[in-house]
Amino acid sequence: APTNFSVGTGATLTLSGNLNAHGFTLAGGTVSGTGTLHGTMTWESGMLNQATLTLSEGAVLTLAGDGTKYFFSSTLNNAGTVIWSDAGRIEGQPDEGYPPSAIHNLGSGTFEVRGNGFLSNYSWSPYGSLTFDNAGMFRKTTGSGDTQISVAFANTGTVEVGSSLVSFSHSYSQSAGETSLNGGQIIAATPIVINGGRFSGIGT
């Protein structure tokens with residue numbers, strides 16, 4: 001398996017099938033195509049452009065650094081682990097006329113927030129369409145400030161806020177599963193919609 005390689009500004013990696021990699025870094029470049037990651041990847045900056053990237057069980061994707069991570073008509077399917085460790089931005093780009101972007105945290109997936117980043121669609125366009133669907137574990141474990149989720153967030157798994165604050169400024173809905181406050185706080189700009197599952201814990 002390839003180790004310690006990066007895709008920098010101006011470069012493109014086109015996925016096709018399995019990507020067996022350890023130490024792959026997306027550092028300003030572009031990933032396109034369809035593929036499944038087996039191994040480890042760090043995303044510092046750059047874009048998923050009309051890509052479908054699936055993390056297998058056991059794969060680890062780390063979102064690190066202050067650079068923006070862009071989605072253009074792309075899907076991230078996580079059956080492994082995503083660690084969002086920084087205070088940077090994840091941003092859906094304007095995609096009118098293209099399939100919408102989405103993050104799917106699958107039943108076996110863990111999406112762990114360790115910083116105070118910002119997940120949103122492009123500020124100046126009505127056409128950014130990135131959404132977040134959680135069927136696995138979404139949790140904030142560390143970070144002293146506010147993690148801002150400004151895309152539609154739908155939960156059928158477990159959302160656990162164990163540290164500081166998570167703000168949902170677009171919408172938050174739950175049709176199954178659990179939202180758990182483990183000492184943390186949730187702020188919502190619109191009413192939280194709970195159509196199934198539980199809302200539990202101690203927090204605000």
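This is a predicted model: local features need pLDDT of at least 70, side-chain atom pairs count only at pLDDT 80 or more; totals for chains, interfaces and linings use all residues.

Reader: OK, so how many aromatic pairs does the structure hold?

Author: There are 12 aromatic pairs. One of them is Trp-84 with Phe-111: the ring centres are 6.4 Å apart and the planes sit at 80 degrees, so that pair is edge-to-face.

Reader: And where do those two sit in the chain?

Author: Trp-84 is in strand β6 and Phe-111 in strand β9, 27 residues apart, so the pair links distant parts of the chain. Both Trp-84 and Phe-111 are buried.

Reader: What about Phe-153 and Phe-168, how are their planes set?

Author: At 65 degrees, with centres 5.2 Å apart, so that pair is edge-to-face. Phe-153 belongs to strand β14 and Phe-168 to strand β16. Phe-153 has a relative accessible area of 1%, and Phe-168 has 2%.

Reader: Which residues make up the aromatic cluster?

Author: Trp-84, Phe-111, Phe-132, Phe-138, Phe-153, Phe-168 and Tyr-172 form one cluster.

Reader: Switching topic: Ser-129, why does it count as buried?

Author: Because its relative accessibility is 19%, and buried means under 20%. Ser-129 lies in the loop between β10 and β11.

Reader: What does Ser-129 touch, leaving out residues up to four places away in sequence?

Author: Asp-95, Pro-100, Ser-101 and Asn-121. With Ser-101, a polar atom of the Ser-129 side chain lies 3.3 Å from the backbone nitrogen of Ser-101.

Conventions:
Residues are numbered from 1 along each chain as its sequence is written. Side-chain values use heavy atoms; hydrogens and water are left out. Helices (H or I, at least four residues) and strands (E, at least two) are DSSP runs, numbered from the N terminus. Buried means under 20% relative accessible area, exposed over 50%, partly exposed in between (1.4 Å probe, protein chains only). A polar contact is a pair of N or O atoms within 3.5 Å; within protein, one must be able to donate a hydrogen and the other to accept it, and residues adjacent in sequence count only if both atoms are side-chain atoms. Contact means heavy atoms within 4.5 Å. Rings of Phe, Tyr and Trp (its six-membered ring) pair if their centres lie within 6.5 Å; planes under 30 degrees apart count as stacked, over 60 as edge-to-face and the rest as tilted.
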